[in-house]
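Please read the points alongside the sequence and the structure.

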Amino acid sequence: MTIANDHVVEIDYTLTNKSGEVLDSSSGGQPLAYLHGHKNIVTGLEKDLAGKAIGDSFKSVVDPSEGYGEVNDKLVTEVPKAELASIPDLKEGISIQAQSSEGTQIFKIIKIGEDKITLDGNHPLAGQTLYFDITVKSVRAANDEEVSHGHAHGPGGHQHH
């Protein structure tokens, strides 16, 4: 069986950056399960997985446009320091959850000034080319419930909700 839309796929993966630093990996854990064709993983990797079968191993290089997007300067904002005064131990480099016009969002604190804090709402991997080493572990047709929910259920996927 080959990977196509509405199939549950399990992959072992290692994600590295341009310099070869490991950013994420399924090594030592469970394979990643996802529902193909439902935007559960980055577009570029999903495209490269289409048509692959159990046992296939390959490398996938995903440009930012098909990964986590380019860095968007509009997602960098300054807020008055007083707005975040209730959060203990604020320091540069940490991530916080905050409300924005888009709803709940994760922001990284990139600068703490005298009166203002600069927040970055870009995904941490925005603007980066992604380098994946992939091995396809399993492929099966998704059941109706998985397709209607838009994600894999059971071991390796989400449990019923």
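1. Arg-140 has a relative accessible area of 36% and is therefore classed as partly exposed. In this predicted model, the side chain of Arg-140 meets that of Glu-146 in a salt bridge, with 2.8 Å from N to O.

2. Side chains of opposite charge can pair when their charged atoms come close. How many salt bridges does the rule give here? The count comes to four, and the pair of Glu-146 and Arg-140 is described above. Two further pairs, Lys-59 with Asp-133 and Asp-12 with Lys-137, are taken up in the next points.

3. Lys-59 and Asp-133 form a salt bridge in which the closest N and O atoms are 2.5 Å apart. Lys-59 belongs to strand E4 (residues 57–62) and Asp-133 to strand E9, so this pair ties together parts of the chain that are 74 residues apart in sequence. Lys-59 is exposed, at a relative accessible area of 65%, whereas Asp-133 is partly exposed, at 32%.

4. Which residue forms a salt bridge with Asp-12? The partner is Lys-137, and the closest N and O atoms of the pair are 3.7 Å apart. The relative accessibility of Asp-12 is 24%, so Asp-12 counts as partly exposed. Lys-137 also counts as partly exposed, with a relative accessibility of 42%.

5. The backbone deserves attention at Asp-6. This residue has a positive phi of about 65°, although it is not a glycine. Asp-6 lies in the segment before E1. With a relative accessible area of 33%, Asp-6 is partly exposed.

6. A positive phi is also found at Asp-89, about 55°, and this residue is not a glycine. Where does Asp-89 lie? Its place is the loop between strand E5 (76–80) and strand E6 (95–100). Is Asp-89 buried or exposed? At 65% relative accessibility, Asp-89 counts as exposed, because the exposed class covers values over 50%.

Note on methods
Residues numbered from 1 in each chain as written. Predicted model: local features only at pLDDT ≥ 70, side-chain atom pairs only at ≥ 80, totals over all residues. Heavy atoms only, no water. Buried < 20%, exposed > 50% of the residue type's maximum accessible area, 1.4 Å probe, protein only. Helix = DSSP H or I, 4+ residues; strand = E, 2+ residues; numbered from the N terminus.
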